[in-house]
Each structure stands twice: as structure tokens, then as C-alpha cells.
Amino acid sequence: MPEIEQPVGTTLPADETPNTDTRSFGPASTPTHPLATAPVGMPSHSVDGFVREFLHELNTNQGVTLSRSSVNDQYLALASTVKNYLMARWLETGRKTREAKAKTIGYLSAEYLLGRQLGNALLATDLNEVASKGLELCGLDLATLRAQEVEPGLGNGGLGRLAACFIDSLATMDVPCIGYGIRYEYGIFRQTFVDGRQVEQPDTWLALGSPWEFPHPEASVQVNFGGHTEKATGADGKERTRWVPAWNVLGVPYNYMVPGYLNGRVNTLRLWSAQATKAFDLQIFNSGDYAQAVRAQTFAENISKVLYPEDSTPQGKELRLQQQYFFVACSLRDFIDNELEEDFDLHNLPERITYQLNDTHPVIAVPELMRLLIDEHDFAWDEAWEVTRHCFNYTCHTLLPEALEVWPTELLGRLLPRHLEIIYQINEEFLDDVREAFPGDEIRARRMSMIAEHPERGVRMAYLATVAASKVNGVAELHSQLLRDKVLPDFSELWPDKFTNVTNGVTPRRFVKLANPRLSDLISDAIGSGWVTDLERLKELEPYADDPEFKEKFREVKAANKTRLTTLLKARDGIELPDGHLLDVMVKRLHEYKRQSLKLLHIVSLYEQVTSGKLSASDLTPRTVVFGAKAAPGYKIAKDTIYLINKVAAKVNAAPELEGRLKVAFPANYNVTLAEELIPAADLSEQISLAGMEASGTGNMKLALNGALTIGTDDGANVEIRRLVGDKHFFLFGMNEPQVAELSAKGYDPGSYYQSNEQLRSALDLILSGHFSDGDQHQFDSVVFNLLNEDRFMALADFQSYIDAQAKVEERYADQEAWTRSAILNVARTGYFSSDRAMRDYLQRIWHTTPMI
Ligand code: 26V
């Protein structure tokens, strides 16, 4: 055991002046020392070895001895220690992939909602026990150090978290993948409540150090913007276009390890950070305008400064288009310049990389690749298009028309003039094909144009993506069907084979093994541990649903997870969770289509009935409703709904009649870290969007896999969850999509439901009376009048059906044996929703490649 109060011995490194300006890949002459090409060795997996490594990191990286170290020092040293264990595997993965010239998945996503890294890295390296024991010997507690980590919240919600699950699965399945994205200096805002209202605080995730990233300024890439294009005829007599940009920035890559689970593979996530270019700076500095030069720097750095927190309405913001082009331009350059051999023939690019477009956010990559090939590599148009259309696939994640991105041509032309020209030409050639396929059908050709004329001229990015992609997929069966039939019907008629479905999945490593160790142990004791990488094996749990001993243990696990959550929420938010309640969980972004308002009407109705004496509190199933939700800062109704939930919670929680019977908890700042605590404790999962609106939902999968039963509509992946777990173990309610369409066509009148449903009316009237707003009868007009007059997402129409389904929930919960049986069957039958399976589907149906082993 090393002496822990003494700094470990060090040898001084040779004086090496870092060369940051020139790019070099390896030494100039062939290295002769045998160790020069071998990856570093891996530290020992023994407790002693771990402690030595940890103390070394504490001394050399943090510059402190253990006795003088802060928790943050200890956390940073621990992170470095774990990185050391991953390093050899990371280097080896790179070598192996380069040598095999294997096809790489280039996952292009503007968002990655990664969650904390430390726990996952310990899991992937099987170091949990060793680290825990080693730290104990140092008088430290692993859980405390883990809690020190601020998660990188570089995403809004489902789409960003899906990207994180996918890269986890690809690494675990030994598939070469580079995730490309943006290193936002500020991720999704930190939500606080001030008098019940959401107030956003900047997310300073980098403030205490960022031990998981590896900056590579020497590999920076220049990205151009603005200016104009020129035509010039070359010596060969060919006319070429030259883009003369007006300004540029540097993209600095930051690499992150993406470790596979116990398999030795470590893929890379490469996030780009924007910096001012030296030339740009110098020019202005030399002109003597120092203040202007500093402003220019800020201007460049703004590009990767902050994640846009809107997740439904693209606002055509110039900075957002800059972000999109910035990361995509860096990423394409990076692969072509760094990952391919010098003499690589770019005609064969589709054999080496397939780019997955995570929604339309990276679609500007399509004209960028065309530009690179034509303007910089001298390809003819047709040759370039042939390569480009084989390099891209597109996943759509929404059905809401207002979420589809359309970039004004004025803006695109100003920022990326050459790209707009290329888009026009792609569109022209595409429309020629349409006219050929449907002669005389000019109306159809206009409908299918990538250029929208109203309300202003703009590029429909989803159309561009669909035309360029080899495959287009939705994210759940119903969604893919609606995508074909309602969003892109003309395209699916033209190219029926282009469209496919890949139902989403979630990683069982983070969302079961890491988040729910008790359930994981129970499962592994019963069926072995193979389920962690082969989740369909959870099926083997089915017989245990009738095993009294297993059921008892399953209930104990749930109870222990609730206790863990209670402790956390007390410390984190001062929230007290009562014992023995049904834990009813609704966690997701706040959006009208997700219908948090419907859940709220249920709560208000229970409150109204009990406080008015219509219902005895003793007839209620003791229940705690937990909300977790952020609203986009500019989305008024969503923010007002948060305020209303908090106001209702205050009344419900203070009502003596409801004491011990109904409680509403709304911890602020729902994020991946909180999800990992909440989901394992949940009994009931609320998935209550209007049918046809939720593309997939992935929270629903995490909750089911952790033994929560779903109350849900026939929407998104709920459809498939219900089919797999069986009707008896899923509380279905509400209209299905065709019924919604029918009601819409007929003309929906929310007022008629208010008039005819007494229970609903009483709940709405209570809100309107000012009861939850200290007598102010107009406080919640935006929410309530919206429901009464427009109710775009038909909450009132589904209200009664929802209430009836909740009664069935209570009935089942009263029979704990039956409930536990259903809960176990939910776990046993939802192995399909592993992101490993989703990745397998992409590999077979879209990417046409196989794992390396
Ligand atoms: C959309 C937009 C629109 C422009 C402004 C910025 C911005 C940022 C993010 C988004 C993404 C919205 C789409 C999204 O998150 N979709 C969700 O994707 C999940 C994964 O496929 C799926 O489970 C959810 O049902 C779906 O809502």
C-alpha cells in the first residue's frame, strides 16, 4: 500500500515545447523503440494498483496530497484514474479500426444528452468494486465522489438522449462509430422554481473542470461563412465555382471516450468548439482596434456557446444555422482529412462511412459534401451526387408540422451562398425526376419542391434530407407509418422502398444496471447476467412472475428504490415523500402535446372531490405524483403549466384531508441524473400524449424495464410496448390515431366535454375560481382558456377515459400480488426496447454493415 499522505514520486518530463500550430500525425521518422507504437499499458485491476494510480493522479494532476484535497480534487483524480484504465483500449480501438478499414458510422447529432460519465466508465471497465474498496482505504466514499460530477446536458430531451444510448450500444456491439456534435459551453439550462415559476439559470457544466474531454487544438478545422461565389474557367476549359467567404472560425475538436461494456472497445465522441482564427484576429489587432479584435473573438466563440433550449419550434435563428453548419463542416472535413489514407479515392467514400442524420439539424451536411467533392476535389456534379446519396440516411423524430425546419433562403444565401446554389440545383434535378415519373402533374412537383414559397421563401430541410438519404426512418411503427402517410406521402409514393421503421431503444447499461443495481442483482441471480448485453433474455424472467419468493424480493427492491429516492429528494429539494405510496411518475419535456395538463386535471379532480366531500379520502389509493419537466424559455403556455402544477401541488400538499393520501412532488431540473434515481422507484408511468403526436417516447421504455406499469394512449412506442407486455398489463385509454383524425375532421369542440362532464367541469371551474392563485381568477387563463376554446391536443376529449383507466390502476394496485405480477411481466417482456436491438436494426436495414467481431 503506498503512503497516502506523501506525494508519489515523479520523473520530470523532457522539455517539450508543444507545437500547436502545425498538424502532425506521428513522428517524422519511423520509431525504433518497441514501445513507440504499442499502446500504453493498463493499470492493474487490484485494489492496491487502483489506489496507487488514484493517489498518483491526485498528486500529479490536482497537485494536492490526499489530506489537503477537496471532494472536487478527489473526483477529478478518480476520473483521471478511470480514464487511465480506458486509455489503452481507446488507442487499440483506433488502431484496429484503421487497420481493418472498417466502415464507420458517422452519427451527426446537434445534441448528446450524455448523463454523468464516471459511473458508466466504472461499469464498462468492471472497476466498481475495486474503486469502492480502494477509496474506502483512502477514507473516501465512491458515492460522494460520483455525486460531485455535473452531467454534460448537451441536449434537450428524447432526441439527445437517444443519440447517447445509440453510441453506447455501438461501442458495446464493437461497431466503429464516431459521434459528431457540438461542445456547447452551456448545455440545457438549469431549472429553478421561484414562487412556483420556472426560472432558467445557465448550465455551467465546465466550471469545476471537465476531466472526460481531450482537446486537440492542433487538429482544428477552419470553417467559412458568408461572402459570395464566383465563376471561373480553368486552364482545362472547365467552368468552376469558387466560394469567396467573408469570415471564418476555427473548430477545435474535443474527444470523449465512449466505452463499450466489458468488451475492450472505446469509440470516440468528437464535439467541436468554436474559436476565432488567428488570421482573423491578427488582421484586426494589426489595424490597432484592440476592442474590435476582442469582440471578433467573442463573435466566433458564440457559435458553440449555448444549446438552444427550444425543442419544438425552430425560430429560424441565424446563430442556430451557424451552429449546424459549423459542426457538420468540421465533421466532414475531419473524417476525410484525418481518418482516411492520404491517397484514398473519395469515389469510395460510402464504403468507409455512413452518416446518420439525427433529425434535420445536420442536413446542411448534404450540400457541404457536394461542395467538398465538386469545388475542392474536382468531381463532376453527377459523380458527386452518386457519392453523396450513398453516404446519408435520415431519421425523423417528430410529426408536429411546426417542428420541421425551414431555413429562409435569404438567411441561407447570406450565410452559405454556395450551399444555397447547390440546394437549388439538387432541387431542380430532383423535380425533373418527379416530372418524369408523373408527367403533367405540375401540382405534385410544386408540392414536392424543397423550396417553400410561403410564408416566406425557405428550404424545407426534411425534403432535402429525404431526397439525399438512402433510407428515411421514423422511430416507432406508428410514427413511421404516419411519416409515410401524412408528412411525406408524395415521397413515399415515389420511393416506397426508401422508407423504413426502426423503433427506438434505450441502453440497459445506464438505465437498468447502473440506475437500478438492486433490480439488476435480482435479475442476475435468477437468470444470470447475460441480459445486460442481450436484453431479450429478460424473457426468462416470465416464470418468476408467479414465484412468491421472487415477487416478494421484487417488491423489496421497489421499496428500497423508493427509500433511496426519498433520501435524495429530501437532500436535493427538501421534498418529503410519504412511505408506501403508489409512485406515479410523469417525466418528460413540458409540451402541450404530451398533456401534462391532463395529468393535472386528474389531480385537481381528486382534490376537488375530496375537499368538497364528494369523495372520502379513505377511498383514495395513497399516491404520490412526481413531475419532472423543463419548458422552453419562450413557450408561455408550457411555463404557465409549470406554475399551475406547482400551485396545485402547494394546495394538495397542504390539505389536511389529503394527508397521507395524495401528494404532488415537482423536483426542479429534471435531467439524466435525476432520471436514474426516479425511474427505478416508479410504479406507474404516464405516457398520455394525444395519439399520433409522440414520435416514439423512450422514457416509457426505461420505466417499463424498471418495473413500472404504463397508463398510456395508443401512441408512439406505447403501441409496441402494449403489444409486447399484453393488454392486461398496460392501462390503455383515449382515442387512437384514426379516431383523433375523425374527430378533427368532424370539428372538435372542447366546450361540449366541459358542458357534459360534471367531474371535468368542477375541476376546471376550481382552477378558474382562483382557488390555486390566491383569488386571481385570470392567473391561469392561458392554460384553461386554451383547453376550453382550442385544446389542440384534445385533453378534454380523453379526460373521462383517462379517469376510468386510473380507476383500473387503483384496482390493480390494491391487489399487490397482481400488481407485482404485472410489473415483473413488464420487465420480462420489454427486452426488445434495448438500443442494442435498435442498432442491430440500423446495421441490417440501413447501414449495411456488421460488427467487427
Ligand atoms: C427540435 C428542434 C426544433 C428546432 C429548434 C431546436 C430543436 C431542438 C430539438 C428538436 C428535437 C425535437 C424532436 C425530438 O426530440 N423528438 C423526440 O425524439 C425522441 C427520440 O426519437 C422520441 O422518442 C420522442 O417521441 C420525440 O418527441
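Modeller: Setting aside residues up to four places away in sequence, Lys 702 touches Arg 161, Val 506, Phe 511 and Ile 679. The model is a predicted one, and the annotation of this lysine comes from a database record: an unreviewed UniProt entry places the feature "modified residue: N6-(pyridoxal phosphate)lysine" at Lys 702. That annotation may be inferred rather than shown by experiment. Lys 702 is located in helix α25, which covers residues 699-705. Its relative accessible area is 8%, and because the limit for a buried residue is under 20%, Lys 702 counts as buried.

I turn now to the charged pairs. Side chains of opposite charge can pair when their charged atoms come close.

Arg 418 is joined to Glu 421 by a salt bridge in which the closest N and O atoms are 2.9 Å apart. Both residues belong to helix α14 (residues 417-437), where they are three residues apart, about one turn of the helix. The two partners are classed as follows: Arg 418 is buried at 7% relative accessible area, whereas Glu 421 is partly exposed at 27%.

Another pair links two helices. Arg 723 and Glu 477 form a salt bridge through their side chains, at 2.6 Å from N to O. Since Arg 723 lies in helix α26 (residues 718-725) and Glu 477 in helix α17 (residues 477-487), this pair ties together parts that are 246 residues apart in sequence. Arg 723 is exposed, its relative accessible area being 53%, while Glu 477 is partly exposed at 32%.

A further pair involves a helix and a loop. The side chains of Lys 562 and Asp 683 form a salt bridge, with 2.6 Å between N and O. Lys 562 is in helix α21 (residues 548-573), and Asp 683 is in the loop between α24 (672-678) and β23 (684-687), so the pair ties together parts that are 121 residues apart in sequence. Both partners are classed as buried: Lys 562 has a relative accessibility of 17%, and Asp 683 has one of 4%.

Salt bridges can also be linked through shared partners. In this way Arg 333, Asp 337, Glu 368, Arg 371 and Glu 376 are joined into one network.

How values were computed:
Residues are numbered from 1 along each chain as its sequence is written. This is a predicted model: local features need pLDDT of at least 70, side-chain atom pairs count only at pLDDT 80 or more; totals for chains, interfaces and linings use all residues. Side-chain values use heavy atoms; hydrogens and water are left out. A salt bridge is a side-chain nitrogen of Lys or Arg within 4 Å of a carboxyl oxygen of Asp or Glu. Helices (H or I, at least four residues) and strands (E, at least two) are DSSP runs, numbered from the N terminus. Buried means under 20% relative accessible area, exposed over 50%, partly exposed in between (1.4 Å probe, protein chains only). Contact means heavy atoms within 4.5 Å.
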